[in-house]
Amino acid sequence: MPEVIFTGPAGRLEGRYQPSKEKSAPIAIILHPHPQFGGTMNNKIVYDLFYMFQKRDFTTLRFNFRGIGRSQGEFDHGTGELSDAAAALDWVQSLHPDSKSCWVAGYSFGSWIGMQLLMRRPEIEGFISIAPQPNTYDFSFLAPCPSSGLIIHGDADKVAPPKDVQGLVDKLHTQKGITITQKTLPGANHFFANDADLLLEECADYLDRRLAGELSDPRPKRLR
């Protein structure tokens, strides 16, 4: 798993990158939790998601947002971090010009950044959003949400209360042309303290079903 440094909007960004052997393999970008609350690319859930995609032959990248680890810059309340994510995708795509599709997976703060990236990049055809926080972050930009994906959270989450996540899911369910899959893990909190293995199983099952052609509405490809 090569350590990489690539250029971001506020200086260098540090990541871990695993290319697929297939030149046209899809790309997966994994986004970590809040930088000011201990979130890094080495978070266990981020690490596990990285390997989940890698095992399915994706070209996979996880990286530290600005100001974390060896990534330069300072926390920018989401605006700069979205630019970091876009730069990360640009960097991987520059190495894999034959890759036609991409997935984004984010945890907590990372899910908010990932959903914004989804709106800006038509090549992103699937997402995994773990413990999003619509009670803290504004998700109204999903109008409409352009791709099918998974929203997964715990019913004992006090950081992102289930009723708020449910409100986001209900809103997305009214949109046509996409399929939003929701999974609620009983007893799980925001950190999935005793439920990380189950979380990964659910994410892997969802990804496998999507790769098999399930859980998404056929839709015309958005133009890049």
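**A buried strand**

In this predicted model, I first looked at which way the side chains of β3 point: I27, I29 and L31 face one way from the strand and A28 and I30 the other way, and all are buried. I then asked how much of β3 (residues 27-31) is buried, and found that five of its five residues are, so the strand is largely enclosed by the rest of the structure. For its pairing I turned to β4 (residues 59-63), which runs parallel to β3 and is joined to it by four bridges. Within this pair, I noted that I27 stands opposite T59 of β4.

**Two helices in contact**

Next I looked up how α1 (residues 44-55) lies against α5 (residues 196-211), and found that their axes come within 11 Å and cross at roughly 30°. Because that angle falls under the 35 degrees used as the limit, I recorded α1 as roughly parallel to α5. The crossing of α1 and α5 is right-handed.

I then listed the residues that make the contact: on the α1 side they are K44, I45, D48, L49, M52 and F53, and on the α5 side A196, D197, L199, L200, C203, A204 and L207.

**Backbone exceptions**

Before going through the backbone, I reminded myself that most residues other than glycine have a negative phi, and that most peptide bonds are trans.

Where is the cis peptide bond that I noted? It runs from A143 to P144, with omega near -5°, and P144 sits in the loop between β6 (124-130) and β7 (149-154).

For phi, I wrote down F192, which is not a glycine and yet has a positive value of about 50°. F192 belongs to the loop between β8 (180-185) and α5.

L215 is placed in the segment after α5. With a relative accessible area of 22%, L215 is partly exposed, because the cut-off for buried is under 20% and that for exposed is over 50%.

Notes: Residues numbered from 1 in each chain as written. Predicted model: local features only at pLDDT ≥ 70, side-chain atom pairs only at ≥ 80, totals over all residues. Heavy atoms only, no water. Axes fitted to C-alpha atoms, helices over the stretch in contact; angles between N-to-C directions. Parallel < 35°, antiparallel > 145°, perpendicular 65-115°, else oblique. Left-handed = near helix turned anticlockwise from the far one by under 90°. Contact = heavy atoms within 4.5 Å. Buried < 20%, exposed > 50% of the residue type's maximum accessible area, 1.4 Å probe, protein only. Pairing = 2+ DSSP bridges.
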